[in-house]
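Hi,

Here is the structure I promised to pass on. Could you have a look at it alongside my notes below?

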Amino acid sequence: MASLLHHIMISLFIALSFLFVHGCHPSERAALLAFKAALNEPYLGIFNTWTGNDCCHNWYGISCDVESYRVADINLRGESEDPIVERAHRTGYMTGYISPAICKLKRLSSLTIADWKGITGEIPRCLTSLPFLRIIDLMGNKLSGEIPEDIGRLHSLTVLNIADNYITGRIPESLTNLSSLMHLDLSNNRISGLIPRDIGRLPMLSRALLSRNQISGTIPESISKIYRLADLDLSMNQISGQILASLGNMVVLATLNLDFNKLSGAIPASLLTSAISTLNLSKNSLEGKIPDVFGLRSYFTALDLAFNNLRGPIPKSISQASYIGHLDLSHNHLCGRIPDGSPFDHLEASQFAYNDCLCGKPLKAC
């Protein structure tokens, strides 16, 4: 009998030891439940899976490190192709706020709480105390307040996406310390102030999306030093000054959107012979002539110069460009004959309308 009892005790000890070593840490389970308590998700039922003691198994959106069994990833998206979303035949909707309790998950690497439309409150400032954080994706909610001032402490951060919220305040200077940052999306918020002067200190940055804010000041010269930058969108802000000629010297920059700003001066010739394939400079106060520098290196899927103060003729060299898919020169002060041949033979009159004295196809004859 004693032997049997001893055997049972050993088996129970082994089972408990296995659960402790290989199961969810109790403090992290408690942190997740506190996080859950601050939110309300009525349609998909994702939190119905958050039952039992082991948050590392079958808790929707939660993943743990395979060795330490500490929570590594929170991945909750209101819009996705996940079966739980498809079965509901609707996108998710969640209200409440992001509880600072998640900052107790000290090994957290990825935090995605995106596209829930109704989550309010601020970005928890304690997130900057999580040294292993690589991804912050909080887009598509109703978050307010400012970007944490010490965001630059997250030296492992590769993705910062807080697009489509109500974030205010300035872009913190410390953000330029994020030497691993590859994807920055702050678009469609209420961010004001200047772009940090030292943004060029982000050597890994490939996408910088800052559109639809209230950003002012000029484009920092250092931005053209970001070698890997392929997509720069500063549209729909209040940015002034001249366009940097050095942007045209960037080796991999393919998309440059500067439309709906207060930019002035001439169009740098370098932009028209660069690697840029989508260039939107419309709805600014650009002046002077369109540089007559197009050639075989000029390849544009879209080139939009509409709603500026450009004067003079349409450069004949445009016909020497390798390709121009969409071209809009409307609402300027251009004058003279529209060149023959490509790309003009497939464009519509609206793309030349509201100029001073353009003529020739597709407008009236000269």
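Thr 95 sits opposite Gly 118 of strand S6, in a predicted model. Strands here are DSSP E runs of at least two residues, numbered from the N terminus along with the helices (H or I, at least four residues), and two strands count as paired if DSSP finds at least two bridges between them. In general, strands of a sheet pair through backbone hydrogen bonds, in either a parallel or an antiparallel way.

The open sheet around that pair has three strands in the order S1-S4-S6, with mixed pairing.

Some housekeeping: residues are numbered from 1 along each chain as its sequence is written, and side-chain values use heavy atoms, leaving out hydrogens and water. As this is a predicted model, local features need pLDDT of at least 70 and side-chain atom pairs count only at pLDDT 80 or more, while totals for chains, interfaces and linings use all residues.

Lys 361 and Pro 362 are joined by a cis peptide bond, with omega at about 5°. Pro 362 belongs to the segment after strand S23 (357-359).

Two non-glycine residues to look at have positive phi. Asn 188 has phi near 55° and lies in the loop between strand S9 (183-185) and strand S10 (192-194). Its relative accessibility is 30%, so Asn 188 counts as partly exposed (buried is under 20% relative accessible area, exposed over 50%, partly exposed in between, with a 1.4 Å probe and protein chains only). Met 236 also has phi near 55°, in the loop between strand S13 (231-233) and strand S14 (238-242). Met 236 is partly exposed too, at 37%.

Glu 348 is in the loop between strand S22 (333-337) and S23, and is exposed at 54% relative accessible area. Glu 348 and Leu 327 are 21 residues apart in sequence, with 9.5 Å between their C-alpha atoms.

Finally, confidence. Mean pLDDT (the predictor's confidence in each residue, from 0 to 100) is 92 for the protein, and 94% of residues reach 70 or more. Residues 4-21 fall below 50, and this stretch has two contacts (heavy atoms within 4.5 Å) beyond near neighbours in sequence. Where pLDDT is low, predicted coordinates should not be read in detail.

Cheers
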